[in-house]
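Dear colleague,

Here is the structure I promised to pass on to you.

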Amino acid sequence: MTIGYTMLGTNNPAKARAFYEPLLTQLGFKVNAAYSGDTRTFFAPAGGVPMLVVTKPNDGGTATFGNGTMVALVAPSREAVNKVHAEALAAGGKDEGAPGDRGNGFYGAYFRDLDGNKLCIFKIG
């Protein structure tokens, strides 16, 4: 089974795109213009999936984050983990765990985006 995409809610799609685009570019993602629009942006890796989508809720309600919900994205190197984490914080994200070795070769960093969604950027090995 392959996950096709994960969606994160946002209350400001333009700000969310500006926050995520430079971060995800470092992880090999590009905006998939065919699916993106004013209310959502699809980010896809070279292979097309899995995609990460930031979107206004379809029901018109306020986007909220899930307590205990997190999206983890693979980085190509420990340096990329460090850089993405630092840039996320510089862009207004909130630190949820500085880059570091978490054991068994797992090197990760954690942050919350502008809407409170929690993400992990990691490299194994």
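The accessible surface of the protein comes to about 6800 Å², and carbon and sulfur atoms hold 53% of that area. Please keep in mind that this is a predicted model, so every value in this message was computed from predicted coordinates. Of the 125 residues in the protein, 38% are buried. As for charge, there are 12 positive and 10 negative charges, and their mean positions lie 2 Å apart.

On the overall fold, the protein contains two helices and eight strands, which follow one another along the sequence in the pattern β-α-β-β-β-β-α-β-β-β. The C-alpha atoms fill a box of roughly 40 × 30 × 25 Å along the principal axes, and the radius of gyration of 14 Å agrees with the value near 14 Å that a compact globule of 125 residues would have. Among the contacts with a separation of 6 or more, 51% are between residues 24 or more positions apart.

The aromatic side chains deserve a paragraph of their own. A pair of aromatic rings is described by the distance of the centres and the angle of the planes. Searching the whole structure gives six aromatic pairs. One of them is formed by Phe19 and Tyr20, an edge-to-face pair with 5.2 Å from centre to centre and 85° between the planes; Phe19 and Tyr20 are both buried. Another pair joins Tyr35 and Phe42, which is tilted, with 5.4 Å from centre to centre and 45° between the planes. Within this second pair, Tyr35 is exposed because its relative accessible area of 51% is over 50%, whereas Phe42 counts as buried because its relative accessibility is 9%, which is under 20%. Ring pairs also link Phe19, Tyr20, Phe43 and Phe111 into a cluster.

Two features of the backbone are also worth checking on your screen. Most residues other than glycine have a negative phi, and most peptide bonds are trans. Val49 and Pro50, however, are joined by a cis peptide bond with an omega of about 0°, and Pro50 lies in the loop between strand S3 (40–44) and strand S4 (51–55). Asn104, although not a glycine, has a positive phi of about 55°; Asn104 lies in the loop between strand S6 (94–103) and strand S7 (106–112), and with a relative accessible area of 84% Asn104 is exposed.

Terms used
Residues numbered from 1 in each chain as written. Predicted model: local features only at pLDDT ≥ 70, side-chain atom pairs only at ≥ 80, totals over all residues. Heavy atoms only, no water. Helix = DSSP H or I, 4+ residues; strand = E, 2+ residues; numbered from the N terminus. Rg over C-alpha atoms; globule rule 2.2 N^0.38 Å. Buried < 20%, exposed > 50% of the residue type's maximum accessible area, 1.4 Å probe, protein only. Contact = heavy atoms within 4.5 Å. Areas by Shrake-Rupley, 256 points an atom, 1.4 Å probe, with all protein chains shown as cover. Lys, Arg positive; Asp, Glu negative; His and termini not counted. Charge placed at Lys NZ, Arg CZ, Asp CG, Glu CD. Phe/Tyr/Trp six-rings, centres within 6.5 Å; stacked < 30°, edge-to-face > 60°.
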